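Subject: Structure handover and findings

Hello,

Please find the structure below. My notes on it come after.

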Amino acid sequence: MTPHWIFQSVLVGVLLGAAALAAERVAGWFGAPRRGIWTAAVLGSVLLPALALSAPGFLPDLGLIPDPAAAIAAMDAPVPQPMADGAQSSPLPDHDGRRAVSLFTILGLAWSASSLAIFTTLLWTGRKLRTISARSIPTEVDGVTVRVSERTGPAVIGLLHPVLLVPRWVVDASAEERRLILLHEQEHVAGRDTWLLLVATVAVGAMPWNLPLWWQHRRLRLAVETDCDRRVVARGASRKLYGRALLRAAASIPPLPLGIPAWGESTRELERRIMAMTARPPKHRLLNSIPLLAIAAAVTAAACDVADRTGVEPNTLTAAPQLPDASAGAGTAPEQEVDTVVSAPTGPRDPSLGSLDINSISWPAGGGPRYEPGKGMLNPTAHAAVRVKEGGSAWKGGLRDGDQILSVDGRDAREFRGNPFKDRRPGTRYAVRVRRGTQEMDLQLTMGPAMKTASVR
């Protein structure tokens, strides 16, 4: 977990929220359920960044979002001057490492404290609702079993055995108004909305710093109520009478917690619910829906690309040294002028990650293989060359300065965007084929152990 990963996670939430808005508009035109759209957005905002962090390279790379390394490679900026042959980059000062460790500690503690506060509030809410339910009076109203409280409700409480909780004024309301309110709550029970909102609340608790996720949770609550309104109206309820019941309920009940399906919404959300019931779809809704669905699909794909970029941190891009000839005894590699570095994994920023001790991965002059409109594929035969730390993990696996990486785990190295060694968990093994001079050979590289000191080297 790094600040870069947190920023990417927030960006994923923004993109998925925008896609959900477009898809929700289309669903409203066709009278389709909306809650599934926002459920997918909430879960995607949590699962996509988590998957990209735990299984780098698993998500498909659709190429919609430019890779930071590729963007740098395509820049026309002046090329950094390489170091002289034999020169070694000095390690970062120890206080930089301590600062990095301190930042991780602060972020981790803040994250844990926020999540703990949300989950504690959720448990406290459940206990409070059980107390309210225990104090309410069980009875039967119009053939429906309910519990009558003084002020709390109408709402559905409970997971395994949901209970309809209604305030006393509902019992005293007119027969038609009472029927609509009870029908609304029964639809919540049939849709298992308490489970849906609980899962969404847990997702928010897992990433409490993700503000777009909080907004998605609010939109999900609104979608749950809007879908319930649609089902009630579809069963023959008068929109006018049902709207009056909504207004009276909103004015009579106190607000309820995040995970409870209830009528206690804000005035703005109540207005949106009433507008959703009375709005008419556009005349050419099928044609109008095509661009919106296309936007939703493209933005969702972009969110996947953004999540996949969490494995490459832009602050690891540095100037490359001049590559020496291949090691003696294995042929002589032609000397190449280094143009731009694609990735330089000089060491993990997160002290819990391992390292291959590869100082730099660089492309020959002209950059690595890339596609440009109107020009086609440029440098299609260019492979990455490396400079390794003597005695490090990659060195022990047989990798040497100047080796050209041909493939990693059977995948052509030219297909990678940036660092091909994204999974940096200690002990991770890579099957690497390299070219050294005129010879090709297969190597087994193992990700080194996690850092044991505070300094980053």
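What follows is a summary of what was found, from the whole chain down to single residues.

This is a predicted model, in which local features need pLDDT of at least 70 and side-chain atom pairs count only at pLDDT 80 or more, while totals for chains, interfaces and linings use all residues. Residues are numbered from 1 along each chain as its sequence is written, and side-chain values use heavy atoms, with hydrogens and water left out.

Overall

The chain has 457 residues, and 46% of them count as buried. Buried means under 20% relative accessible area, exposed means over 50%, and partly exposed is in between, with a 1.4 Å probe and protein chains only. The secondary structure comes to 12 helices and 13 strands; these are DSSP runs numbered from the N terminus, with helices being H or I of at least four residues and strands being E of at least two. Of the contacts (heavy atoms within 4.5 Å) in the chain with a separation of 6 or more, 67% are between residues 24 or more positions apart. The accessible surface is about 22,900 Å², and carbon and sulfur atoms hold 59% of that. Those areas come from the Shrake-Rupley method with a 1.4 Å probe; for residues, only the protein chains shown count as cover.

The structure holds zero disulfides, a disulfide being a pair of cysteine sulfur atoms within 2.5 Å.

Nonpolar cores

A nonpolar core is a set of buried Ala, Val, Leu, Ile, Met, Phe, Trp, Tyr and Cys residues joined through side-chain atoms within 4.5 Å. The largest one has 35 residues, and V12, L48 and L220 have the most contacts inside it. At least two residues of this core come from each of helix 1 (3-29), helix 2 (35-54), helix 4 (94-135), helix 7 (193-206), helix 8 (211-234) and helix 11 (285-308). Helix 1 gives the most, with nine residues. Apart from this core lies another, of 16 residues, including V386, A394, Y430 and M447. As for L220, not counting residues up to four places away in sequence, it touches R35, W38, T39, L196, L197 and A200.

Charged residues

A search of the whole structure finds 14 salt bridges, each being a side-chain nitrogen of Lys or Arg within 4 Å of a carboxyl oxygen of Asp or Glu. One of them joins E225 to R273, with the closest N and O atoms 3.6 Å apart. Because E225 lies in helix 8 and R273 in helix 10 (residues 267-278), this pair ties together parts that are 48 residues apart in sequence. E225 is buried at a relative accessible area of 1%, and R273 is buried at 0%. The side chain of E225 also makes a polar contact with the side chain of H188, at 3.2 Å. A polar contact is a pair of N or O atoms within 3.5 Å; within protein, one must be able to donate a hydrogen and the other to accept it, and residues adjacent in sequence count only if both atoms are side-chain atoms.

Elsewhere, D442 forms a salt bridge with R433, the closest N and O atoms being 2.8 Å apart. D442 is exposed at 57% relative accessibility, whereas R433 is partly exposed at 29%. R435 pairs with E440 in a salt bridge whose closest N and O atoms are 3.5 Å apart. Both are partly exposed, R435 at 26% and E440 at 40%. Salt bridges with shared partners join R433, R435, E440 and D442 into one network.

V141 lies in strand 1 (residues 137-141) and is buried at 9% relative accessibility. Beyond its neighbours within four places in sequence, V141 is in contact with V146, V171, R178 and L182. V141 and L182 are 41 residues apart in sequence, with a C-alpha to C-alpha distance of 8.8 Å.

Most residues other than glycine have a negative phi, and most peptide bonds are trans. Which peptide bond is cis here? The bond from G153 to P154 is, with omega near -5 degrees. P154 sits in the loop between strand 2 (144-149) and strand 3 (155-157). D142 has a positive phi, near 55 degrees, and is found in the loop between strand 1 and strand 2. D409 also has a positive phi, of about 55 degrees; D409 is in the loop between strand 10 (404-408) and strand 11 (411-412) and is partly exposed at 48% relative accessibility.

Regards
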